[in-house]
Amino acid sequence: MDVNTFYDMNFFSKIFKCIFNTYFLQLKHLQHIINDQNQLFTMKKTSIIILLLGFSIGYSQEIQNLKLLYNQPSGDIWENALPIGNGRLGAMIYGNVETETIQLNEHTVWSGSPNNNDNPLALEALPEIRKLIFEGKHKEAEKLANQAIITKKSHGQIFQPVGNLNLVFDGQENYTNYHRELDIEKAVAKTTYNVGNITYTRETFASLSDRVIVMRISASKPNNLSFTAKYTSPYEKKNFSTTPNKDLNISGTTSNHETVKGMVRYKGITRIKLNGGSLSSTDTELSVKNATTATIYISLATNFNNYKDISGDENKRALDYMNKAFSKSYSNMLKNHITAYQKYFNRVKLDLGTTPAANLPTDERLKNFRNTNDPQFVSLYYQYGRYLLISSSQPGGQPANLQGIWNKNINPAWDSKYTININAEMNYWPAEKTNLSELHQPFLQMVEDLSTTGQETAKTMYGARGWMAHHNTDIWRATGAVDGAFWGLWTAGGGWASQHLWDHYLYTGDKAFLASVYPAIKGAALFYVDFLVEHPTLKWLVINPGNSPENAPQAHNGSSLDAGTTMDTQIVFDVFSTTIRAAQILKEDATLIDSLKQMRSRLAPMHIGKNNQLQEWLDDIDNPNDNHRHVSHLYGLFPSNQISAYKTPELFAASKNTLLQRGDVSTGWSMGWKINWWAKLHDGNHAYSLIKNQLTPLGINKGGGGTYNNLFDAHPPFQIDGNFGCTSGITEMLVQSSDGAIHLLPALPDVWKDGTIKGIRARGGFEVVEMQWKDAKLTKLVVKSTFGGNLRLRLPNAMKQISGTDLMDAKGENPNPFYFVNETPQAIISEKSTIKPLELKPTILVDIPTKKGNTITMVSK
């Protein structure tokens, strides 16, 4: 019985027509539920009426379910497939009916092997390169740098796929009632369809409690499930085999790349558990006949132990993971997986309201979003970013790379490695603030690894102490300069990455962690102590050679190299400041503290140019028509806090002018960063316009990126940092804690007049347990203090404590040490500038003393 048969039944035709006309999609969803339970022909008419009415009435809540929904398979388009992952294993589920594809990744399947890519010619050439830059001969300096500084070895290794598991279902080309979804509240992908009067269901997850991928396939009628399973692989050399106990195996070795031999060996095992029917095998495939259910277990492993050790046994590992998982029932594995996943996911809730636009499939919502009001789509995309981080970054695993943990290509764009001049850092912007602090660990561990490998680079290439990294790294923690001097001669990769160690401390207050990473924080500062040079005419300490990532002023004849670029100096300022603070907290290195303070005072200040812009370079040579995707000199606005609405009003205004001059539409990740900037500028409507630009199908934003049907960010191609950047930006629109206080609703757009968010973390161990607003007015606030200290709140309207305790007006600097903000040097403003401070929204600043475990509840007056 199909939907049309339901519609024609006189018994409840009038009631049903009303529901049908409004909620056709909901009815299809209902039919899937009924079919799954095989109850379609046994339910009484009255029961159906009650169920339909209840479904209709309750759908305002039902459509808040966080699911990506589609009414057609992926076909052969990877960006239509749905991602699942557990931090070690990743898979893309295509949902195709006749030939299902499960594209497989394992987090340590990378080309190459342990290697060093430093260029030993750099140290000798460094003085001449500096001299040429100071003389204005930037192109000559770049030419020499390409010879002496850019590596002559590996430009970075490649994150590579394992292959595909293909499931072939004969005789299923004529199917109906197709539906697929990704439930990001449970981290489960599902496909359902009918062939004749049989409903087939596939349910897949990458178990967070067991290191396997599991797919359960069922037929609604007994003994009607048959298919074959076999691997395919993009590698030239690969091995497929089966074993006597009917395991299906794939094995091989990753690629050689750029002088480095591929030595990562991988092993994959697929094993099938049946309910009914039979399982047989050939040399390279498994065949299921006449089963009722089939549960497919996939295990993947490599010989990789760490960036300098690949002596593991991939065969034993893969088999051990398989044997441990295969003994468990599907229902228990699913339950344990959901529990492990929701431990992270359920910490944060966001409700921006819903409209009828939420009734449509995800790809249609994406097409419509720019021209309709669909606030729940923003909530879905926000939580999708958190889903992707949980799925691609787990403690003990590798950090999320340019594509997270999902890649089908042997040679993906930019090798799908770690670009640390923005992209890798952006991946982890949501980690602390969206209550996923543990998932920051893989990136933090990579920074510690780099602080070891980068010591050799600092010494060999630049004659400096400490450690450094250029603009890219990989699983082998290479720190040499790659790609070309235009991009690769940027020495701040290590300095920026090291700030994540400090950021983790600010949110967690974990002093033992701070002590453990202090050598890495200090090492980043020591490099700059030795690398900074005095500008011959301006006398400031500057980075030379340096650049403003991937951009070049017209005045330099196409060369990016320069001395004292704004971003370079901002990062040095942060590295020195955090090292000073960490040393003071740990009571270490008093002499170094004095030296860093003295050197910090000699850094070049930020400049405001003739076009009222924040200058990107020391010289006032910015082009106001430059729409470059990188706006690196706004690092000081976000993620740093050197530029503040309340402490540096002229720099704050100049930052806005810079963003206006650069424009909105750009690559997907760039628009993600811009959302954060406009949030920091307290302009919620402009931030929301960037969200609309980002949540636009690829091809509509002329000259820019957007979003694929599976909600992956489009640079293009796919780069996951845009997803994470947008999730961070939405958080910054609602809660900020980097400028001396917890600022609530700093950038609320007009379209989000009512809403609720729960579980956001702020610096100093505070958690915004719940925040409600109505008509753009804060109505309820619950804040928990996990380790005490002064709670300074910047409120958009008057509030009162339900305890009756009066609120104290805040005075002076916040005494809470986690909210200490370093004083930014006074900007130098061009004589031609007409910069004026912006008019700020009125706020109320209050202090509440707290003790460990206190919960503060407030309501509007």
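Trainee: How many bridges join β6 to strand β7, and which way do they run?
Mentor: Strand β7 (residues 188–195) is joined to β6 by 6 bridges, and the two run antiparallel; strands count as paired if DSSP finds at least two bridges between them. In β7, A189 is the bridge partner of L182. The model is predicted, so to speak of local features we need pLDDT of at least 70, and side-chain atom pairs count only at pLDDT 80 or more, whereas totals for chains, interfaces and linings use all residues. Residues are numbered from 1 along each chain as its sequence is written, and side-chain values use heavy atoms, with hydrogens and water left out.

Trainee: What order do the strands of that sheet have?
Mentor: It is an open sheet of 9 strands with antiparallel pairing, in the order β1-β6-β7-β8-β9-β16-β13-β12-β11. The edge strands, β1 (67–70) and β11 (239–242), each pair on one side only. From one strand to the next the twist averages 15 degrees. Helices and strands here are DSSP runs numbered from the N terminus, helices being H or I of at least four residues and strands E of at least two.

Trainee: Back to β6, is H179 buried or exposed?
Mentor: H179, which lies in strand β6 (residues 176–183), counts as buried at 10% relative accessibility; buried means under 20% relative accessible area, exposed over 50%, and partly exposed in between, with a 1.4 Å probe and protein chains only. The side chains of H179 and E181 are joined by a polar contact of 2.9 Å. A polar contact is a pair of N or O atoms within 3.5 Å; within protein, one must be able to donate a hydrogen and the other to accept it, and residues adjacent in sequence count only if both atoms are side-chain atoms.

Trainee: Switching to helices, how do α21 and α23 cross?
Mentor: The axes of helix α21 (residues 668–680) and helix α23 (residues 721–734) come within 8 Å and cross at roughly 10 degrees, the axes being lines fitted to C-alpha atoms, for helices over the stretch in contact, with angles from 0 to 180 degrees between N-to-C directions. The two helices, α21 and α23, are therefore roughly parallel to each other; angles under 35 degrees count as roughly parallel, over 145 as roughly antiparallel, 65 to 115 as roughly perpendicular and the rest as oblique.

Trainee: And R365, where does that one sit?
Mentor: R365 lies in helix α10 (residues 362–368), and at 4% relative accessibility R365 counts as buried. Its side chain is joined to that of D374 by a polar contact of 2.9 Å. Leaving aside neighbours within four places in sequence, R365 is in contact (heavy atoms within 4.5 Å) with residues including L360, D374 and F377.

Trainee: What about K131, which side chain does it make a polar contact with?
Mentor: The side chain of K131 makes a polar contact with that of E135 (2.8 Å). K131 lies in helix α6 (residues 122–134) and is partly exposed, with a relative accessible area of 42%. The C-alpha atoms of K131 and P536 are separated by 9.8 Å, although these residues are 405 residues apart along the chain.

Trainee: Last one: which strands stand at the edges of the sheet with β25 in it?
Mentor: That open sheet has 5 strands in the order β25-β26-β31-β35-β33, with mixed pairing. β25 (735–736) and β33 (808–809) stand at the edges, each with a single partner strand, so one side of each is left without a neighbour in the sheet. Strand β26 (residues 742–744) pairs with strand β31 (residues 789–795) in the parallel sense over 2 bridges, and I742 stands opposite L793 in β31.
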